[in-house]
Amino acid sequence: TRFRSGTAAISGVKCYAITGAQRRGEDIETTKKWSAGQNKQHLVSKNTAKLDRETEELHHDRIPLEVGKVIQKGRQDKGLTQKDLATKVNEKPQVIADYECGKAIPNNQIMGKIERVLGLKLRGKDIGEPLEAKPKKK
């Protein structure tokens, strides 16, 4: 006789049948699904947990306040609100707010999008300078 344990509805067999089979010493097959009922999409490594605690020697780099001011000034010069800029770069308005006040952890993809929309350099030596349009490769 084969029974499955661990499920509420056991294909027409009452739960007491499993207990009875166990008492009689019959073989019972039990299977457990790997990671069943757990949200294992986003694994957290030990290093990530350490970074979350943020000590002095191990911390996240943040956007410099100078870059945040350049983003804010460039956005205001173009007459954009934080929401408008966020829409243009496909991000949430809170992301733009975090970049402007220096709370954000830098992401090169987001920085590149903001640079293209504002037309200002946000990375490298000459922060705040106009972005030079590179010739497109043929």
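# A chat about a predicted helical model

Visitor: Is Glu115 buried or exposed?
Guide: Glu115 counts as buried, because its relative accessibility is 7%, where buried means under 20% relative accessible area, exposed means over 50% and partly exposed lies in between, with a 1.4 Å probe and protein chains only.

Visitor: Before we go on, what kind of model is this?
Guide: This is a predicted model, in which local features need pLDDT of at least 70 and side-chain atom pairs count only at pLDDT 80 or more, while totals for chains, interfaces and linings use all residues. Residues are numbered from 1 along each chain as its sequence is written, and side-chain values use heavy atoms, with hydrogens and water left out.

Visitor: Where is Glu115, and which residues is it in contact with?
Guide: Glu115 is found in helix 6, helices being DSSP runs of H or I with at least four residues and strands being runs of E with at least two, numbered from the N terminus. If neighbours within four places in sequence are left aside, Glu115 is in contact (heavy atoms within 4.5 Å) with Leu120, Lys121, Leu122, Arg123 and Leu131.

Visitor: And Leu122, what is that in contact with?
Guide: With neighbours within four places in sequence again left aside, the contacts of Leu122 are Val67, Val70, Ile71, Met111, Ile114, Glu115 and Ile127.

Visitor: Which residues touch the most other members of the largest nonpolar core?
Guide: That core has 17 residues, and the ones touching the most other members are Ile71, Leu85, Tyr99, Ile114 and Leu122; a nonpolar core is a set of buried Ala, Val, Leu, Ile, Met, Phe, Trp, Tyr and Cys residues joined through side-chain atoms within 4.5 Å. At least two residues of this core come from each of helix 3 (65–77), helix 4 (82–88), helix 5 (93–101) and helix 6 (108–118), and helix 6 supplies the largest share, 4 residues.

Visitor: How many helices and strands are there overall?
Guide: The protein has 6 helices and 0 strands, and buried residues make up 24% of its 138 residues.

Visitor: How do helix 3 and helix 5 pack?
Guide: Their axes are 6 Å apart and the packing angle is about 125 degrees, where axes are lines fitted to C-alpha atoms, for helices over the stretch in contact, and angles run from 0 to 180 degrees between N-to-C directions. That makes helix 3 oblique to helix 5, since angles under 35 degrees count as roughly parallel, over 145 as roughly antiparallel, 65 to 115 as roughly perpendicular and the rest as oblique. Helix 3 makes the contact through Leu65, Gly68, Lys69, Ile71, Gln72 and Arg75, and helix 5 through Tyr99, Glu100 and Cys101.

Visitor: Arg75 and Gln72, how accessible are they?
Guide: Arg75 counts as buried at 8% relative accessibility, whereas Gln72, at 26%, counts as partly exposed. Leaving aside neighbours within four places in sequence, Arg75 is in contact with Leu80, Thr81, Gln82, Leu85, Glu100 and Leu118.

Visitor: Switching to helix 1, which of its residues are buried?
Guide: In helix 1 (residues 15–24) the buried residues are Ala17, Ile18, Gly20 and Ala21. They cover an arc of only 165 degrees around the axis, which puts them on the same side of helix 1, the arc being that of the directions from the helix axis to the C-beta atoms. Tyr16, Gln22 and Arg23 are exposed on the other side of helix 1.

Visitor: What follows helix 1?
Guide: Helix 1 is followed by Gly25, whose phi is positive, near 85 degrees.
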